[in-house]
Protein chains: 4
Amino acid sequence: MIRVTIWNEFRQEKKSDEVRQVYPDGIHAELARGLAADDLQIRTAVLDDPGQGLTDEILDSTDVLIWWAHIAHHEVTDENVRRVLQKIQTGMGLIVLHSGHYSKIFQGVCGTSCSLKWRESGEKERVWCIAPFHPIARNVPETFCIPHTEMYGERFDIPDDARPIFMSWYQGGEVFRSGVTLQRGYGKIFYFSPGHESFPIYRQPEVLQVIGNAVRWAAPECRGTISAPKVPNLEPIGNAENN
Amino acid sequence: MIRVTIWNEFRQEKKSDEVRQVYPDGIHAELARGLAADDLQIRTAVLDDPGQGLTDEILDSTDVLIWWAHIAHHEVTDENVRRVLQKIQTGMGLIVLHSGHYSKIFQGVCGTSCSLKWRESGEKERVWCIAPFHPIARNVPETFCIPHTEMYGERFDIPDDARPIFMSWYQGGEVFRSGVTLQRGYGKIFYFSPGHESFPIYRQPEVLQVIGNAVRWAAPECRGTISAPKVPNLEPIGNAENN
Amino acid sequence: MIRVTIWNEFRQEKKSDEVRQVYPDGIHAELARGLAADDLQIRTAVLDDPGQGLTDEILDSTDVLIWWAHIAHHEVTDENVRRVLQKIQTGMGLIVLHSGHYSKIFQGVCGTSCSLKWRESGEKERVWCIAPFHPIARNVPETFCIPHTEMYGERFDIPDDARPIFMSWYQGGEVFRSGVTLQRGYGKIFYFSPGHESFPIYRQPEVLQVIGNAVRWAAPECRGTISAPKVPNLEPIGNAENN
Amino acid sequence: MIRVTIWNEFRQEKKSDEVRQVYPDGIHAELARGLAADDLQIRTAVLDDPGQGLTDEILDSTDVLIWWAHIAHHEVTDENVRRVLQKIQTGMGLIVLHSGHYSKIFQGVCGTSCSLKWRESGEKERVWCIAPFHPIARNVPETFCIPHTEMYGERFDIPDDARPIFMSWYQGGEVFRSGVTLQRGYGKIFYFSPGHESFPIYRQPEVLQVIGNAVRWAAPECRGTISAPKVPNLEPIGNAENN
């Protein structure tokens, strides 16, 4: 059983009628419904929860954290970002969605600005899978179309070890590394750009398939046996005679 | 002319007779002497300088920043770390030395804990160059020996795109990726572990050769033409007829 | 059930009394015994078998190929190397052991010379795991010792995407990336240097644990569903209205 | 002075009126004209030359080899491919253009099938630079358009260390990693897909700028000092007392 926490900033759904019409219960609730499965134990948390929904109790019982945020990145405290990053480094998986590219936690994972180009025009996006052998690509078609989307375009400022699994084409002329994996310490990270607060992209089967695959891929392989980095060994055991 | 700023925490040299005997004017001064060359314009800065030696004036006129720190990593303000990281992302080179692996700036670049094993016993280290074609390896012998050193051992918690240029062997039985390159945005980063506050390692010619090479490698290729990431293009120019 | 073929050159065991004393039935037989497990269906093949032990019948029913060779690399035909490489590119796993670094198939995977330093003196090797989170590291101690071994030292001429899982220390002063992963097309590759024809290294539990883990890691995830690359699409479906 | 050899299969220009109209003297001659510069000493060679234009005399005096081929990949002998690969591994640069992705030499460098999708319809291609800091991107605009091209689409079967410098968008809905760097041993390799035998793409300034930059980037940094991998050291010098 993989313990998943879907964390949502949950602000635009409250402020905007347009967003609420698409995701009346919030994006986190929609994702929880869409990802529901026997091997996943899913819970949600939002920025306005106590402890910003990122308490030790929550993080300690989370195998994979899904992150959605857009307009309140700066409100997440540096201390909470540090704690989430530390959990990742000791094994917790992280799935960052869409506008989460500018979250402090994704920037902290990458060490880069994570900047990109964008355009809101509801144009067509075509997603191509370029690593069909990867667990995140399981049962995902070689290519699929998102009829109306926000454009996210290169140059995407991410580090060289961001391994592209998906690449996107946009009607307006741009391209994007729309799905990339990273690893930091014991923790696996997946960024996936499809998804927007005012298009019903999180109800599209291919998109949910990708996110569900990513959750299973990012789950720590040996939960419980992973410990924090050990204290340094002070004895030169390496060269000892009987060792 | 490459503008180099050697930044030193400069605390142990003041506190400890042992350290002062090795580096009477501070590690920064020793490095400045050792790296002096016609194509380098070198200045030094220390933690107790105004603005922690990391003012806009200094950063804006620095092509490559060399970083030495050990016992006061936590004193460097988060705000200064953010500013240094931003300068790197827009092109400033960074050379992190020895115990700087635990600095906030190197952790910020890596997104990992940067933890490692260590042992202070003055044992022998043998450095192997595993990328002899790399500019940082120019005129560096295939292997050289540091007679007395602090051991730094694996597992070194760094990201997958940390490309090893040097690997070290220690008398006591450990191994270490002792020289690695990274890139974040436009900025090049080199971490090099040899060097310690109480061994005269920064007077050893091979070590100075490596650091000098790294400075030249990390200097931005097109200073002045690098701008911050552009604002998003809002027009779908990509697919335009006449474009 | 993972179908494993252990391929052995099987020449030194016939020629040399010294080698036969260590591996009387051949290295392939020893490995088959050591790796025996309920989830593995193991068979062996040798260079002097019909079709060099690399017939279509064998390759088509192999999920993971283990390769041991030393003195007869040049006898394996280019045509057979091409066929093995093609099987790897469509999903077959490959585990290359010790002196197999100079095999045509490993050179073909790498695109490099795969050269290294070596010394036969029966010295001590200490293996360090630098990717403890990796499936190949499961139940492998952080470090273990091989009492008598042949030294393999850097510079190991392998490509940049050879991800180090293990690094070795040698008594005589060298270091080596002793366990590295690669991927070519759908196929996963693992090179592991420990093992020699005249030391009983393939009876050491840690070494067998690593090889067994590697077999399970390299097994294709979706056997049977992997097809050769599709023919190009000639219609511009991507931009089609209803797609 | 960088010594450049432009190697061309030079078959389609002889057979087809359509191709000859675009490149009357052959693609090699067109490229030689377009790349002419004071720091380059350019010569051409073709498949029907003695020794297939790949004699020792030619290779030994070549710093960077540019490769264009399309319909006669299989005619280049395995022995010549081996010799070219060896030259690359000891420092010669290689620039592979367009349909050269299926050449034996590029497949040999990659270890993969190098397969891709394609469509000949003269559609528009938009090239995006995703590594503006890279020497190959110098003076290349962030994005430029090729009005009529053959589509090359993902999945491009290349290894993980193929670092994307350019990514392309096609009118028909596909995307492609259209410019990637690789390293094998001491040698640098650049693959660039723009270019076709029946569109005048090699007269487009941006395309010539990229290829020219790539030549300068791929030139060996220390010609003459690079030697073949050394013989193994047989003495355990590493741990010697005075070393």
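Trainee: What makes helix H7 of chain C a helix that lies across strands?

Mentor: In this predicted model, helix H7 (residues 205-218) of chain C lies across S1, S2, S3, S4, S6, S8 and S9 of chain C. Contact here means C-beta atoms within 7 Å. H7 of chain C runs at about 170 degrees to S9(C), on a scale from 0 to 180 degrees between N-to-C directions.

Trainee: And which strands does helix H5 of chain C lie across?

Mentor: Helix H5 (residues 78-89) lies across S4, S8 and S9 of chain C, at about 115 degrees to S9(C).

Trainee: Why are S2 and S6 of chain C said to stand at the edges?

Mentor: The open sheet of chain C has 9 strands in the order S2-S1-S3-S4-S9-S8-S7-S5-S6, with mixed pairing. Strands S2 (40-46) and S6 (143-153) each have a single partner strand, so one side of each is left without a neighbour in the sheet. The twist averages 25 degrees from one strand to the next.

Trainee: How do you know that S5 and S7 of chain C pair?

Mentor: Pairing takes at least two bridges. S5 (residues 117-129) and S7 (residues 163-170) of chain C have 5 bridges, in the antiparallel sense, so they count as paired by that cut-off. C:Glu125, for one, has C:Tyr170 in S7(C) as its bridge partner.

Trainee: What does chain D bring to its contact with chain A?

Mentor: Chain D brings 13 residues, and chain A brings 13 residues. On the chain D side, S5 (117-129) and S7 (163-170) each supply at least two residues, and S7(D) gives the most, with 3 residues. That side divides into 6 nonpolar, 1 polar and 6 charged residues.

Terms used
Residues numbered from 1 in each chain as written. Chains lettered and ligands numbered in written order. Predicted model: local features only at pLDDT ≥ 70, side-chain atom pairs only at ≥ 80, totals over all residues. Contact = placed C-beta atoms within 7 Å. Helix = DSSP H or I, 4+ residues; strand = E, 2+ residues; numbered from the N terminus. Nonpolar A, V, L, I, M, F, W, Y, C, P; charged D, E, K, R; others polar.
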